[in-house]
Amino acid sequence: MVGAACADELAAEADVTVLEATESLGGATAVCMGHVVLMDDTEAQLRLCQWSQRRWDAWAEEMPAKVERRVCGTLWLAE
């Protein structure tokens, strides 16, 4: 997810080619959780997480229709 975001930003300024170590959309890309968790340990952390979530939502809207996106929650469990 981070690499894809970096490539997306760089693409505004230069030609970018994304390479996978194995097959296309394999490796870390295939197993990426693809979500931003909103943490609120501090006010600054919450603001940063909210900003990140808005960026992720906006970026997802720009993706081609064939890109799958599922909006779901996060369940935290503790023992």
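Analyst: The discussion below goes from the overall fold to salt bridges, a pocket and the surface. Please note that this is a predicted model.

User: How many helices and strands does the secondary structure of the protein chain come to?

Analyst: The protein chain has 3 helices and 0 strands. Read from the N terminus on, the order of its elements is α-α-α.

User: What percentage of the residues in the protein chain is buried?

Analyst: A residue is called buried when its relative accessible area is under 20%. Of the 79 residues in the protein chain, 9% are buried.

User: Let us turn to charged pairs. How many salt bridges does the count come to?

Analyst: The criterion is a side-chain nitrogen of Lys or Arg within 4 Å of a carboxyl oxygen of Asp or Glu. By this rule there are 2 salt bridges. In one of them, the side chains of R55 and E9 meet at 3.2 Å, N to O. R55 belongs to helix α3 and E9 to helix α1, so this pair ties together parts that are 46 residues apart in sequence. R55 is partly exposed, at 39% relative accessibility, and E9 is also partly exposed, with a relative accessible area of 49%.

User: Where do E43 and R47 lie?

Analyst: Both E43 and R47 are in helix α3, 4 residues apart, which is about one turn of the helix. Their side chains form a salt bridge with an N to O distance of 3.8 Å. R47 has a relative accessibility of 47% and counts as partly exposed.

User: How should I read a pocket, and what volume does the second largest pocket have?

Analyst: Rolling a probe the size of a water molecule over the atoms shows where empty space is left. In this model, the second largest pocket has a volume of about 370 Å³. It is lined by 13 residues, of which A5, S52, R55, W56 and W59 are the closest to its centre. The elements that give two or more residues to this lining are α1 (2-11) and α3 (43-62).

User: Which residues form a nonpolar patch on the surface?

Analyst: The patch is formed by L10, V16 and V18, which together have about 280 Å² of accessible area. A residue needs over 30% relative accessible area to be part of a patch. V16, in the loop between α1 and α2 (28-31), has a relative accessible area of 35% and is partly exposed.

User: How far apart in space are V71 and H35?

Analyst: V71 and H35 are 8.6 Å apart, C-alpha to C-alpha, with a separation of 36 residues in sequence. V71 lies in the segment after α3 and is exposed, with a relative accessible area of 72%.

User: Is D40 buried or exposed, and where does D40 lie?

Analyst: D40 is exposed, at 56% relative accessible area, and lies in the loop between α2 and α3. D40 and Q50 are 10 residues apart in sequence and 9.7 Å apart in space, C-alpha to C-alpha.

Note on methods:
Residues are numbered from 1 along each chain as its sequence is written. This is a predicted model: local features need pLDDT of at least 70, side-chain atom pairs count only at pLDDT 80 or more; totals for chains, interfaces and linings use all residues. Side-chain values use heavy atoms; hydrogens and water are left out. On a 1 Å grid over the protein atoms alone, a cavity is a set of points where a 1.4 Å probe fits but cannot get out, and a pocket is an open set with protein on both sides within 12 Å along at least five of seven lines; lining residues have an atom within 4 Å of a point. Grid points are joined across faces, edges and corners, and a volume is the space filled by probe spheres set on the points. Patches are made of residues with over 30% relative accessible area and no salt bridge: like charges are joined within 9 Å, nonpolar side chains (Val, Leu, Ile, Met, Phe, Trp, Tyr) within 5 Å. Accessible areas come from the Shrake-Rupley method with a 1.4 Å probe; for residues, only the protein chains shown count as cover. Buried means under 20% relative accessible area, exposed over 50%, partly exposed in between (1.4 Å probe, protein chains only).
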